[in-house]
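Student: I would like to learn how to read a structure like this one. Could we go through it feature by feature?

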Amino acid sequence: MGEWSFLSSLLDKVQSHSTVVGKVWMSVLFLFRLFILAAGLDNVWGDEQANMDCNTHSPGCRNACYDSSFPMSHRRFWVLQILFVSSPTLIYLGHVLLVIRRENKLRRRTEQKYDKNGLVKAPKYSDEHGKVQIKGTLLVSYMAQLFIKILLEVAFIVGQYYLYGFLFMPPKITYVGYPCRIAVECFINRPTEKSIFIVFMLVVSFFSLFLNIVEVFYLTISKIGFRKRRNSDATPPAEMYSLDEGAHKPFDKVTFC
């Protein structure tokens with residue numbers, strides 16, 4: 001678990017700058033991906049090629065049989081998936097930290113600094129405690145990393161199917177070709193246990209994809225609602241008129257609350 005501590009510490013900082021759905025996604029990443037990958041898979045997978053039993057001892061035959069069925073180890077595939085899916089979030093974190101650093105400099109420089117129009121220049125995205133508001137360029141950055149994560153999740157789900165061609169780990173694989181002189185059968189160690197982990201990680205991938213899509217809709221709807229409320233608050237008072245013998249006579253101005 002030690003090799004994942006640095007990545008975990010970085011991702012933990014993103015939670016305070018994310019939405020509610022983003023925090024749920026982060027929890028799923030920690031509990032069901034990083035923790036399972038670091039704690040359980042080493043004992044289940046181990047050295048797959050060495051633990052595979054084949055009905056031949058021909059030199060190089062076991063290597064060819066393993067490589068034909070597993071171009072990449074499931075464990076290494078999931079490590080790449082976690083790193084790629086986490087990268088957009090880490091880039092967003094770098095953007096947030098850059099914005100906070102700039103606005104902290106602005107606070108330290110002066111508390112009453114005026115621009116050319118005589119208006120007070122105040123921090124736009126963060127407060128004194130480092131809490132940021134997801135709006136403006138930060139909103140664009142946040143939405144961009146969500147869309148990139150959605151594309152990456154779909155790419156890895158589809159890539160897993162085309163890379164291995166099976167959902168459940170087969171108990172036996174057959175290989176015919178060089179350097180094997182005859183058809184070789186190799187038996188996988190713990191196929192049922194590995195199948196459970198494969199299905200579990202695939203379900204977690206679909207759930208993470210679902211959370212990313214929900215977060216896109218959540219942000220879109222919340223921002224549209226906020227804009228409507230702001231526009232309604234900025235609407236000028238309405239005027240009422242009555243008809244009196246064809247002439248329009250205004251009543252007193254009535255403000256609708």
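## Reading the chain

Tutor: Start with what is being shown: this is a predicted model. In this chain, among contacts between residues at least 6 apart in sequence, 72% join residues at least 24 apart.

Student: How many helices and strands does the chain have?

Tutor: The chain has 7 helices and 5 strands. Along the sequence their order is α-α-α-β-α-α-α-β-β-α-β-β.

Student: How many disulfides are found in the whole structure?

Tutor: A disulfide is a pair of cysteine sulfur atoms within 2.5 Å. The search finds 2 of them. One joins Cys-54 and Cys-186, with sulfur atoms 2.0 Å apart. Cys-54 lies in strand S1 (residues 53-54) and Cys-186 in strand S3, so this pair ties together parts 132 residues apart in sequence. The torsion about their S-S bond is about 105°, so the disulfide is right-handed. Both Cys-54 and Cys-186 are buried.

Student: Which residue is joined to Cys-61 by a disulfide?

Tutor: Cys-61 is joined to Cys-180, S to S 1.8 Å. Cys-61 is in helix H4 and Cys-180 in the loop between S2 and S3, 119 residues apart. This link is also right-handed, with 115° about the S-S bond. If the bonded cysteines are numbered in sequence order, the pairing is 1-4, 2-3.

Student: Which residues touch the most other members of the largest nonpolar core?

Tutor: That core has 37 residues, and Trp-45, Met-52, Phe-70, Trp-78, Ile-173 and Cys-186 touch the most other members. Helix H2 gives the most to the core, with 8 residues. Take Trp-78: leaving aside residues up to four places away in sequence, Trp-78 touches Leu-37, Leu-41, Trp-45, Gln-160, Phe-197, Ile-198 and Met-201. There is also a second, separate core of 15 residues, including Ile-134, Leu-138, Met-143 and Leu-202.

Student: Which residues form a nonpolar patch on the surface?

Tutor: Val-154, Val-158, Tyr-161 and Tyr-162 form one, with about 460 Å² of accessible area together. Val-154 sits in helix H6 (residues 136-164).

Student: Is Val-154 buried, exposed or partly exposed, and why?

Tutor: Val-154 counts as partly exposed because its relative accessibility is 38%, between the cut-offs of 20% and 50%. For the chain as a whole, 36% of the 257 residues count as buried.

How values were computed: Residues are numbered from 1 along each chain as its sequence is written. This is a predicted model: local features need pLDDT of at least 70, side-chain atom pairs count only at pLDDT 80 or more; totals for chains, interfaces and linings use all residues. Side-chain values use heavy atoms; hydrogens and water are left out. Helices (H or I, at least four residues) and strands (E, at least two) are DSSP runs, numbered from the N terminus. Buried means under 20% relative accessible area, exposed over 50%, partly exposed in between (1.4 Å probe, protein chains only). Contact means heavy atoms within 4.5 Å. Patches are made of residues with over 30% relative accessible area and no salt bridge: like charges are joined within 9 Å, nonpolar side chains (Val, Leu, Ile, Met, Phe, Trp, Tyr) within 5 Å. Accessible areas come from the Shrake-Rupley method with a 1.4 Å probe; for residues, only the protein chains shown count as cover. A salt bridge is a side-chain nitrogen of Lys or Arg within 4 Å of a carboxyl oxygen of Asp or Glu. A nonpolar core is a set of buried Ala, Val, Leu, Ile, Met, Phe, Trp, Tyr and Cys residues joined through side-chain atoms within 4.5 Å.
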